Amino acid sequence: MTTSSMRRWPRFRFLARFFLDDFVLPTRRLILLALAGCPLAAAGYLLGWGYAAFWIVNGLLVIASVIDLATLPRRRELIASRELPEQIDLGRALSVCVRLENRSGQTVWYELLDDLPLSFERLEPLAGALPPGTITVRYETRARERGTYTWSHLYLRYRGNIGLWQKQAKLSCEQSVKVYPDLSAVRGYLNSLQESLIVDGRKVMRRARSGSEFHAIRDYVPDDDPRHINWSASARTRRLMTNQYRPEQGKVVTILLDCGRMMGVELDGRTKLDLSLEAALTLAAVALRQGDQVALLAFSHEIKVYVPPGRGLAHLHTLLEAVFDLQSDFVESNPLQALEYLHRQQKRRSLMVLFSDMENYLLEDQLAAYLWRIRRSHLLLLLSLADPLLHAWNRAETTSSRLAYIKALAQRFQLDRKAFQQNMIGAGIQVLDVPADQLTLAVVNRYLEIKAREAL
């Protein structure tokens, strides 16, 4: 917009306010009555009444319109307010409550449309009767992207009993909503009894008892190690009691989130960054509950967010507030820069969990050599989401030479991914290339396995 147009535009702002906020519109009933009057006026002209029929029909419409406009409530007699939660989860149903108050003393019929942000599902206008007093209207919508969004106005149209004209009003009702990642898995871990099922399941429980730090005394069960029986507690309670041990707490888990171009690819309507972020927050919740410290670094071609190590479930809220609005950038990510930055910031040995794409691991020439060097001071875990398209082409039938060529390329890509995994595993670097629906479970179980082996 040029400087001259910016000077001229305020002079015409009243037109936008008039047509969008304060304009009076004809209803369908008025249009139908006007169309119905056309045959009556034509019949009167054929019967020799001249323009008398025309003026009678239109005069009645004008009189009815004047009465209708005069009896319509004033805009200040209609008050609207909206109730929204401060935060919602991505993809979850959001119930919005709109409160309408009619102070005019007469019933009006309304159409209500909310000013939804573009990333929310669009809805049809809400319609109904508004008697004197207060009513509550509810509707549901869903958010398709994370971030902070502002709901500015409510658009209201209303008509009276005659229903020939309707007024429209733009009601200011500004509110902000934070759209967080889907935290259902995190809440599942935090709301479980004592410890989550993945932690206290039979398979993980047997590993957890190999820890060296005393945790609690509980009843002896047949699968327990007899060497851990607490004879003093057994004598006091007159039943066998055993010591429960857990891995040493206070370790550092560092989460690295890739926000580059490849993480913006969608899998079943959700981006890789969304899936990785949910898995990372779940891992953070489990690690914090295990007594470890968690740090987080988000990067693309530059460092976007860095949260130093912290402990306690209160630190989970700090992590969430720092990363809930992260978006993927349309640039190639630079994991080397992120690892070098983290190596300067954090000298203490930690478990570094890198959420990225396998293509970034394969295309970055210097990444493998740097990972080999950094593994001496940190334990590395590389994560990637498996490409469902490659699996589909690998299972495709070769009915033509074109399909055979595509299948051969898909198998070559799969072999490259497996070769990278084997090279990293041989160097002591763990790599997981798992489907999207198994990412959270895989990373949590691998973390618990590392804790049980006391590899940190």
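Student: Which residues does Ile-255 touch, not counting residues up to four places away in sequence?

Tutor: Ile-255 touches Ala-280, Leu-283, Ala-284, Val-294, Ala-295, Leu-296, Leu-297, Val-353 and Phe-355. Contact here means heavy atoms within 4.5 Å. Before we go on: this is a predicted model, where local features need pLDDT of at least 70, side-chain atom pairs count only at pLDDT 80 or more, and totals for chains, interfaces and linings use all residues. Residues are numbered from 1 along each chain as its sequence is written, and side-chain values use heavy atoms, with hydrogens and water left out.

Student: What makes a set of residues a nonpolar core?

Tutor: The residues have to be buried Ala, Val, Leu, Ile, Met, Phe, Trp, Tyr or Cys, joined through side-chain atoms within 4.5 Å. The largest such core has 49 residues, and Ile-255, Leu-257, Val-353, Phe-355 and Val-443 have the most contacts inside it. Helix α9 supplies the largest share of this core, twelve residues. There's also a second, separate core of 28 residues, with Val-96, Leu-116, Leu-156 and Cys-173 among them.

Student: Why is Gln-293 called buried?

Tutor: Buried means under 20% relative accessible area, exposed means over 50%, and partly exposed is in between (1.4 Å probe, protein chains only). Gln-293 has 14%, so it counts as buried. You'll find Gln-293 in strand β15 (residues 293–299). Leaving aside neighbours within four places in sequence, its contacts include Gly-250, Lys-251, Pro-309 and Arg-348.

Student: And what about Ser-119, buried or exposed?

Tutor: Buried, because its relative accessibility is 8%. Ser-119 is in the loop between β5 (108–114) and β6 (126–130). Beyond its neighbours within four places in sequence, Ser-119 is in contact with Arg-142, Ala-143, Arg-144, Glu-145 and Tyr-149.

Student: Why does Thr-107 get the label "partly exposed"?

Tutor: Its relative accessibility is 27%, so it falls in the in-between class. Thr-107 is in the loop between β4 (93–102) and β5. Have a look at Pro-131 too: it is 24 residues away from Thr-107 along the chain, yet their C-alpha atoms are separated by 4.2 Å.

Student: What makes Arg-238 exposed?

Tutor: Its value is 79%, so it passes the exposed cut-off of over 50%. Arg-238 is in the loop between α8 (231–237) and β11 (241–246). Its phi is near 60°, a positive value in a residue other than glycine.

Student: Why are α9 and α10 called roughly antiparallel?

Tutor: Two packed helices are described by the angle between their axes and the distance between the axes. Axes are lines fitted to C-alpha atoms, for helices over the stretch in contact, and angles run from 0 to 180 degrees between N-to-C directions. Under 35 degrees counts as roughly parallel, over 145 as roughly antiparallel, 65 to 115 as roughly perpendicular, and the rest as oblique. The axes of α9 and α10 (residues 313–323) come within 9 Å and cross at roughly 160°, so the pair is roughly antiparallel. Among the residues making the contact are Leu-277 and Leu-281 of α9 and Leu-316 and Leu-319 of α10.

Student: What makes α9 roughly parallel to α16?

Tutor: α9 and α16 (residues 439–453) pack at an angle of about 30°, with their axes 9 Å apart. That angle is under 35 degrees, so they count as roughly parallel. Leu-275 and Leu-283 in α9 are among the residues that meet α16, where the partners include Val-443 and Tyr-447.

Student: How do you know that α11 and α13 are roughly parallel?

Tutor: The axes of α11 (residues 335–345) and α13 (residues 367–374) come within 10 Å and cross at roughly 20°, so these helices are roughly parallel too.

Definitions and conventions: Helices (H or I, at least four residues) and strands (E, at least two) are DSSP runs, numbered from the N terminus.
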